[in-house]
Amino acid sequence: MIMKRQRDDKGRTLEEFLAAYRPGDYPRPSLTADAIVFTHDRQLLLIKRANHPYIDCWALPGGFVGEKESCSAAAERELKEETGLSLVVRPLVLLSAPERDPRTRVVSMAYLALTGQIPPAAGDDAGDAGWFHASAAREGERVILRLDGPERLTAFVDCARRDGKIDPDRSVCGGDLAFDHAAAIAYAMEELKWI
């Protein structure tokens, strides 16, 4: 049996260490969870943001993780609140680029769900919700997303990896979608072998 030390290099027990610990001494990013929901025929579920930032832009359903909530529970809760859909999600990719959100440092865990096309009902802070047929094409190191649904949207992702794969934290994206959601969607499509 391995003996573990009871005191650290400063002679403190765990209790003494925790009593002196100051979480405010370290940056604390906010945590969100997003849901990327596709049908098997490449329909993508998006919500239209009703509030700042990115007001009236289409985005993935998602939001802030509660203090006593797991990321997956938050993704499922936000999906239900914003679209009316109750789905089980699976982890896909962590989005942690430092300036991905204009409010503050926000790290988001993106989850994936595949389902049939169920009519969504916009709720909570979503002004609208709808299905978009998603297609993607590579143009050199750029991936172009075309989304046709309640509106026609276009977005791009400039891939940062030398092998042309999408790295959502290092790729540059832009177009008609909020935040870095174009990179997250393209990453999901790449994982599903749709690009």
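How many Å² does the accessible surface of the chain come to, and what share belongs to carbon and sulfur atoms? About 10900 Å², with 50% belonging to carbon and sulfur. Accessible areas here come from the Shrake-Rupley method with a 1.4 Å probe, and for residues only the protein chains shown count as cover.

Some ground rules. This is a predicted model: local features need pLDDT of at least 70, side-chain atom pairs count only at pLDDT 80 or more, and totals for chains, interfaces and linings use all residues. Residues are numbered from 1 along each chain as its sequence is written, and side-chain values use heavy atoms, with hydrogens and water left out.

The overall layout, then. The chain has three helices and 10 strands. Helices are DSSP runs of H or I with at least four residues, strands are runs of E with at least two, and both are numbered from the N terminus. In sequence order the pattern is α-β-β-β-β-α-β-β-β-β-β-β-α. The C-alpha trace spans about 65 × 40 × 35 Å along its principal axes. Of the contacts in the chain with a separation of 6 or more, 58% are between residues 24 or more positions apart; contact means heavy atoms within 4.5 Å.

Next, the interior. Of the 195 residues, 45% count as buried. Buried means under 20% relative accessible area, exposed means over 50%, and partly exposed is in between, with a 1.4 Å probe and protein chains only. A nonpolar core is a set of buried Ala, Val, Leu, Ile, Met, Phe, Trp, Tyr and Cys residues joined through side-chain atoms within 4.5 Å.

The largest nonpolar core has 32 residues, and I36, F38, L44, L46, L147, L177 and I185 touch the most other members. Elements that each supply at least two residues of this core include strand 1 (30-39), strand 2 (43-49), strand 8 (142-148) and helix 3. Helix 3 gives the most, with eight residues. Leaving aside neighbours within four places in sequence, L44 is in contact with residues including I36, F38, W131, F132, L147 and I185. Apart from that core lies another, of 16 residues, among them A33, A75, M109 and A113.

Just after helix 3, K193 takes a positive phi of about 65°.

Now to the other end of the chain. T13 lies in the segment before helix 1 and counts as buried because its relative accessibility is 18%. Not counting residues up to four places away in sequence, T13 touches Q6 and R7. L14 is found in helix 1, residues 14-20, and counts as exposed because its relative accessibility is 53%.

Last, the rings. Rings of Phe, Tyr and Trp (its six-membered ring) pair if their centres lie within 6.5 Å; planes under 30 degrees apart are stacked, over 60 edge-to-face, and the rest tilted. The count comes to five aromatic pairs. F17 and Y21 form a tilted one, 5.7 Å centre to centre with 45° between the planes. Ring pairs link F17, Y21 and Y26 into a cluster.
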